[in-house]
Structure formats: structure tokens, C-alpha cells
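Good morning, and thank you for coming.

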Amino acid sequence: MGISFSLCISHPFNDVGKLEFPFQVTSQSMSPRAPELTFQVVPIKKRRIRVLSLFDGISTALYVLEEKLNLDIDIFFSSEIDQKAIRIQRERWDGKIVQLGDVKKIDQTLLHSLGRIDLVLGGSPCDELSLVNWRGRGLNDPESSGHLFYNFKTIKEFFEKRMNGQGLPFFWLFENTNKMRCSVKEEISKHLQVHPVLICASQFLPMLRMRYFWGNIPNMENFEKRMNCKSSLHLSCFLKPGRLANLDVTKTITTNVSNQFSRKGNTLPVTMNGKETPLTLNEVELLFGFPEHYTDASNLSVRERYSLLAKGWCVPVVASVLGPLAEIFKVKEE
């Protein structure tokens with residue numbers, strides 16, 4: 001006669017369920033041989049993710065979560081004031097985004113009304129933080145766009161406290177330029193209580209684009225170990241027929257189209273019909289990880305679309321950073 005019992009182990013995120021291991025000890029356990037054990041794993045019910053994206057731009061975060069990670073999104077809140085970016089949001093994500101407007105107008109009352117938020121992410125404007133802008137006013141001038149970092153901090157801490165108080169997991173991600181003063185980086189790290197990870201897009205794409213990422217997404221620390229790993233993709237993989245790559249890897253794409261000249265010899269990245277030329281807008285969209293025409297909305301000019309892309313995130317980078325969330329939250333096939 002056998003004896004059956006179960007060992008229940010709480011899941012690390014104990015709001016989503018537990019693992020049950022029923023043990024069955026057969027009559028063989030009466031002999032010197034080890035008892036025969038059988039295991040059964042009870043599936044964990046995962047939640048749909050609820051997201052708040054600050055400084056949302058053209059909603060790269062939503063594109064990554066929905067299209068690349070295939071997460072089942074319960075609700076996606078966006079805070080953005082650039083009307084050109086919002087036009088792209090509406091064109092691409094009609095009905096899937098709840099727009100909250102200016103981050104400076106998000107108060108405690110509004111935060112309380114949003115309910116559970118599993119993920120807060122964003123990258124505040126870097127203009128006033130970058131060393132490229134020698135007049136940059138840094139973090140602490142209330143009139144500076146750099147001061148918007150504190151809005152991210154306040155909102156992140158609000159939901160961190162709420163979720164932790166309910167015993168629920170909470171994740172966050174903050175991004176900004178790597179070309180900031182050490183004192184600014186240290187101050188951000190002090191407020192967020194974590195050091196940043198430096199990630200270059202060249203790990204995933206033939207483009208140099210280095211950014212700091214602060215956050216608590218699982219396995220983030222592994223990216224710096226791969227800093228010397230380069231993508232096997234060549235710039236030519238992203239060009240239209242008849243266009244020849246002059247470079248293996250292009251430099252950082254900025255809001256200034258003329259900045260596509262390489263550091264060596266003032267070479268533009270592409271040759272077509274014997275003439276050097278910049279990357280086309282569609283090629284830049286592909287380089288950032290979007291499908292062609294993603295930014296083609298509401299009659300925006302090429303320059304406006306190019307600028308919005310340059311201010312945003314690289315899809316493969318963010319998809320790789322946020323990838324572990326697909327193991328924690330519900331995906332659309334489930």
C-alpha cells in the first residue's frame with residue numbers, strides 16, 4: 001500500500017499561483033531501495049500585463065511588448081506631449097493606447113486611478129543632460145527638461161510601493177544617453193538605487209548607439225558582459241536593391257540627417273549610381289527595428305519622421321532587455 005502526499009512550493013511571484021509536487025511512495029519504500037517518486041506540475045496562471053510608458057514617443061515600448069514579445073497587454077498607458085509622436089501612436093495603435101498627456105500633470109489622484117501597474121518605463125529627454133550640449137542645465141534646474149527625470153522617479157516609486165505592499169511583482173526601466181556627466185549619472189543612480197547597464201545597439205544591429213539603462217528587469221546585468229559582442233548583420237542587409245553600403249556599421253543616428261557622415265573620411269553610409277547618399281527614411285526605420293512605413297502617419301514630413309525615430313529606442317535592444325517578462329506575464333498564445 002502506498003502513501004501519497006503533496007509538497008507545495010510558492011511561486012516567486014506568489015500572486016500568480018503555486019507549484020504542487022504530489023509525491024507517491026509505493027510499497028517499495030519498505031525495501032532498502034529508494035522510494036519511487038512521481039511529480040506533477042500544476043500550471044501557473046499568469047496575469048496580463050499592465051504598462052505605463054512615460055515620455056512614450058512613437059510607442060516603441062508597445063511595439064516591443066505586443067509584436068516582439070507577444071505579451072497579452074491588459075492596458076497600455078502612455079504619457080507624451082509631442083503631437084507628431086501622438087499622431088503616429090493613433091495611426092498605428094488606434095484604441096490600444098490610453099493617453100495621459102503631460103507627465104508633469106500626472107498627480108497622485110490620477111496615479112491612484114490607474115490601478116495595478118506591472119511595468120513603468122521611459123527615457124526622459126537627454127538634451128539638457130548630454131555633454132554634447134555644453135549649455136545643458138542638468139537635472140536640478142526646474143525649468144530644464146533634465147528635471148523631468150524626477151517625474152519618472154516619483155511615479156516609479158509610487159507604483160513600487162503600491163505593488164510591493166500588495167505582495168505583487170513590479171518592474172521598471174529607465175533609459176538615457178551615455179554621453180552625460182559622471183556626476184549626473186551618479187545622481188540618477190543614487191535616486192534609482194541601482195547602477196546603470198551600458199548597452200550598445202551594435203550587439204543587435206549594424207549601428208553604433210550606446211545608452212544607459214537602469215532597471216530591475218531580470219538578467220539586465222548580463223548585457224555588459226556582452227559589450228564586445230557585435231551583430232553579424234551588415235549594413236547592406238538593410239538597404240534597397242542597387243544601394244551599396246560604404247560601411248559595415250553606421251554611426252549613431254541623430255535628429256540631424258547630416259550627422260550620417262562617418263568619422264573617417266566624411267563618408268556617407270550608402271552609394272547609389274556612383275554617388276554617396278544618406279540612409280533613406282525606410283532604411284532608418286528598419287535599422288531601428290520597425291517595419292517600413294511605421295512612422296508614415298498623418299502627412300508628417302520626412303524630416304519630422306526621421307527626428308522622431310532618432311529620439312526613440314532601438315527595438316531589438318529593448319526587446320532583449322524586456323524579454324524575461326514573457327516568462328512572467330501572459331503571452332497571447334496562452
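The largest cavity is lined by Glu175, Ile199, Ala201, Arg209, Arg211, Phe213, Gly312, Trp313, Cys314, Val317 and Val318. By cavity I mean a set of points, on a 1 Å grid over the protein atoms alone, where a 1.4 Å probe fits but cannot get out; lining residues have an atom within 4 Å of a point. Two elements, β9 (210–215) and α9 (315–322), each give two or more residues to this lining. Helices here are DSSP runs of H or I with at least four residues, and strands are runs of E with at least two, numbered from the N terminus.

This is a predicted model, in which local features need pLDDT of at least 70 and side-chain atom pairs pLDDT 80 or more, while totals for chains, interfaces and linings use all residues. Residues are numbered from 1 along each chain as its sequence is written, and side-chain values use heavy atoms, without hydrogens and water.

The volume of the largest cavity is about 70 Å³, counted as the space filled by probe spheres set on points joined across faces, edges and corners.

I turn now to helix α5, residues 182–192, where Val184, Ile188, Ser189, His191 and Leu192 are buried, that is, under 20% relative accessible area with a 1.4 Å probe and protein chains only, exposed being over 50% and partly exposed in between. These buried residues fall within an arc of 165 degrees seen down the axis of α5, so they line one face of the helix; the arc is taken from the directions from the helix axis to the C-beta atoms. On the face turned away from that buried side, α5 carries the exposed residues Cys182, Glu186 and Lys190. Just after α5, Gln193 has a positive phi of about 60 degrees.

Conventions:
1 Å grid on protein atoms, 1.4 Å probe; cavity = no way out; pocket = protein on both sides within 12 Å on 5 of 7 lines; lining within 4 Å.
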